[in-house]
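Please consider the model shown below.

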Amino acid sequence: IKPLHDNVILKKDEVENKTSSGIILTTKQKDSSVATVVALGPDCKSEIKENSKVVYKEYSGTNIKIDEVDYIVIEEKDILAYIA
């Protein structure tokens with residue numbers, strides 16, 4: 001999948017359903033706003049690169065599923081920070 005313009009493809013990170021001590025949680029946790037960059041459009045100007053971990057606005061972008069993997073197509077301006 002290749003984004004156009006200043007769009008970015010993010011792969012949602014899995015939310016852990018287990019505590020640090022190994023207890024499995026049965027309630028659904030809120031989705032994380034952290035994802036991994038899969039691809040950048042040709043007009044992206046920020047310093048993020050593929051495989052960077054980023055924090056994005058919670059309700060932005062378009063969710064898609066390809067081959068059972070969840071992705072988000074998001075505008076570059078909706079990425080708030082990257083994890084160095």
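In this predicted model, strand S2, which spans residues 34-40, pairs with strand S3, residues 53-56, over 3 bridges in the antiparallel sense. Within this pairing, Val34 has Val55 of S3 as its bridge partner. Both strands belong to an open sheet of 6 strands, whose order is S4-S5-S1-S2-S3-S6 and whose pairing is antiparallel. Strand S4 (62-66) and strand S6 (79-83) form the edges, each pairing on one side only. From one strand to the next, the twist averages 40 degrees.

The loop between strand S5 (69-75) and S6 contains Asp78. With a relative accessible area of 11%, Asp78 falls under the 20% limit and is therefore buried. Apart from neighbours within four places in sequence, Asp78 is in contact with Tyr56, Lys57 and Ser60.

Side chains of opposite charge can pair when their charged atoms come close. The model has 2 salt bridges. In one of them, Asp78 is joined to Lys57, with the closest N and O atoms 3.7 Å apart. Because Asp78 lies in the loop between S5 and S6 while Lys57 lies in the loop between S3 and S4, the pair ties together parts that are 21 residues apart in sequence. Asp78 is buried, whereas Lys57 is partly exposed, with a relative accessible area of 40%.

A salt bridge also links the side chains of Lys65 and Asp70, at an N to O distance of 3.9 Å. Here Lys65 is exposed, at 52% relative accessible area, and Asp70 is partly exposed, at 35%.

Note on methods: Residues numbered from 1 in each chain as written. Predicted model: local features only at pLDDT ≥ 70, side-chain atom pairs only at ≥ 80, totals over all residues. Heavy atoms only, no water. Pairing = 2+ DSSP bridges. Helix = DSSP H or I, 4+ residues; strand = E, 2+ residues; numbered from the N terminus. Axes fitted to C-alpha atoms, helices over the stretch in contact; angles between N-to-C directions. Buried < 20%, exposed > 50% of the residue type's maximum accessible area, 1.4 Å probe, protein only. Contact = heavy atoms within 4.5 Å. Salt bridge = Lys/Arg side-chain N within 4 Å of Asp/Glu carboxyl O.
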